[in-house]
Amino acid sequence: MDFRQLRYFVALYEEGHVGRAAERLSLSQPALSQQIRQLEQNLEVALFQRSGKRLLPTLAAHTLYSHALPLLDGLERARDALRGFRGRAPRSLAIGVLQTVNASLVPHLLEKLRAAQPQLVVQIYELSGLEIERRLLSGSLDIGIGFLPPRQPGLHSLELYEDELQLVVPPEHALREFRKVSLAQAAEQPMLLLGEEFRVRQIWQEQLALLGRRPHVQAELNHMSGILDSLPHSAGLATVLPGRARQLHANQGLLWKPISEPRVPLKVGLVFRDAQRQQPTLDLLCKLLDQVVKGNG
């Protein structure tokens, strides 16, 4: 049974006469009769009984008619809704990005997306990791870019690249001569940090907790650029940020020190809800982001 046969059935049910129904459908009578016979065979029920020149619907036909009308009406409404899209392909892509990742990826990603799919409307939202995952689950975001693994059940991920947490200090800081610092040394430093809702802050606290320590927080700001702008005027303070963020903030005279003993790796990737449905978008983003990462590596 298909929508065409349903439409033929409804016309014959309402007309009660093969000739009139065929005329209404702009179809020959033999062709209409053949389609109705096929429908009856598929459903394994008789739909009409002949009475003189008229066809009388059976009880099965009454039942099918009551279901067929809303189906055909829904199909027509769907067609009407899609007519406005003929000849064009309006699409949008909502991406949530951590601000600590945004700085090194998004400007280049937007440029490549525009070149690859100029008709695509891209919406970028700078959010905390928790908010990205919440919006992915609610459906208000299509893709997230952040640190892996995701924490919410029902979300999946694809790794793009690995970064690492680094200590960032002003030029006159006590650790200015160190090529790298240990986690224990970094734990001793008074800090200007992002707020606790940020994934970088959470990762830092988790690492210190393994040492039985808590971060020595002197001040908090809710934006990475504000922290980097403030550090040159805060001689005794340091912060921790992903190493790749240095690429767009290297002109402030700040010193970026790798953390060791142990190193603190950061896995960055795509976070999403439905891999099967979103596979074409994931493939495109993986390809473009791979170009961005290699180009800026």
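The dialogue below moves from the overall form to single residues.

Tutor: Please keep in mind that this is a predicted model.

Student: How many helices and strands are there in the protein?

Tutor: The protein has 10 helices and 12 strands. Its radius of gyration is 32 Å, well over the 19 Å that the globule rule gives for 297 residues, so the protein is more spread out than a compact globule. Taken along the principal axes, the box filled by the C-alpha atoms is roughly 105 × 40 × 25 Å.

Student: What share of the 297 residues is buried?

Tutor: A residue counts as buried when its relative accessible area is under 20%. Here 43% of the 297 residues are buried. The protein exposes about 15,900 Å², and carbon and sulfur atoms supply 50% of that area.

Student: How does one read the buried side of a helix, and which residues of α6 are buried?

Tutor: In α6, residues 129-138, the buried residues are G129, I132, E133 and L136. These cover an arc of only 95 degrees around the axis, which puts them on the same side of α6. The face turned away from that buried side carries the exposed residues L130 and S138.

Student: Against which elements do the buried residues of α6 pack?

Tutor: They pack against three strands: β3 (91-97), β5 (143-147) and β12 (265-272). After the helix comes G139, with a positive phi near 90 degrees.

Student: Is T281 buried or exposed, and which residues does T281 touch?

Tutor: T281 belongs to helix α10, residues 275-296. With a relative accessible area of 18%, T281 is buried. Leaving aside residues up to four places away in sequence, T281 touches R91, L93 and I143.

Student: Where does F178 lie, and which residues does F178 touch?

Tutor: F178 is in the loop between β6 (156-169) and β7 (181-182). Its relative accessible area is 33%, which makes F178 partly exposed. With residues up to four places away in sequence left out, F178 touches Q185 and K257. F178 and Q34 are 144 residues apart in sequence, and their C-alpha atoms are 88 Å apart in space.

Student: Where is S26 placed, and what is its phi?

Tutor: S26 sits in the loop between α2 (18-25) and α3 (29-43). Its phi is positive, near 55 degrees, and S26 is not a glycine. S26 is exposed, with a relative accessible area of 68%.

Student: Which peptide bond from E261 is cis, and what is the phi of E261?

Tutor: The bond from E261 to P262 is cis, with omega near 0 degrees. E261 also has a positive phi of about 50 degrees, although it is not a glycine. E261 is found in the loop between β11 and β12, and P262 is placed in that loop too. At a relative accessible area of 66%, E261 is exposed.

Student: What is the peptide bond from L148 to P149 like?

Tutor: That bond is cis, with omega near 0 degrees. P149 has its place in the loop between β5 and β6.

Definitions and conventions:
Residues numbered from 1 in each chain as written. Predicted model: local features only at pLDDT ≥ 70, side-chain atom pairs only at ≥ 80, totals over all residues. Heavy atoms only, no water. Buried < 20%, exposed > 50% of the residue type's maximum accessible area, 1.4 Å probe, protein only. Helix = DSSP H or I, 4+ residues; strand = E, 2+ residues; numbered from the N terminus. Arc of directions from axis to C-beta. Contact = heavy atoms within 4.5 Å. Rg over C-alpha atoms; globule rule 2.2 N^0.38 Å. Areas by Shrake-Rupley, 256 points an atom, 1.4 Å probe, with all protein chains shown as cover.
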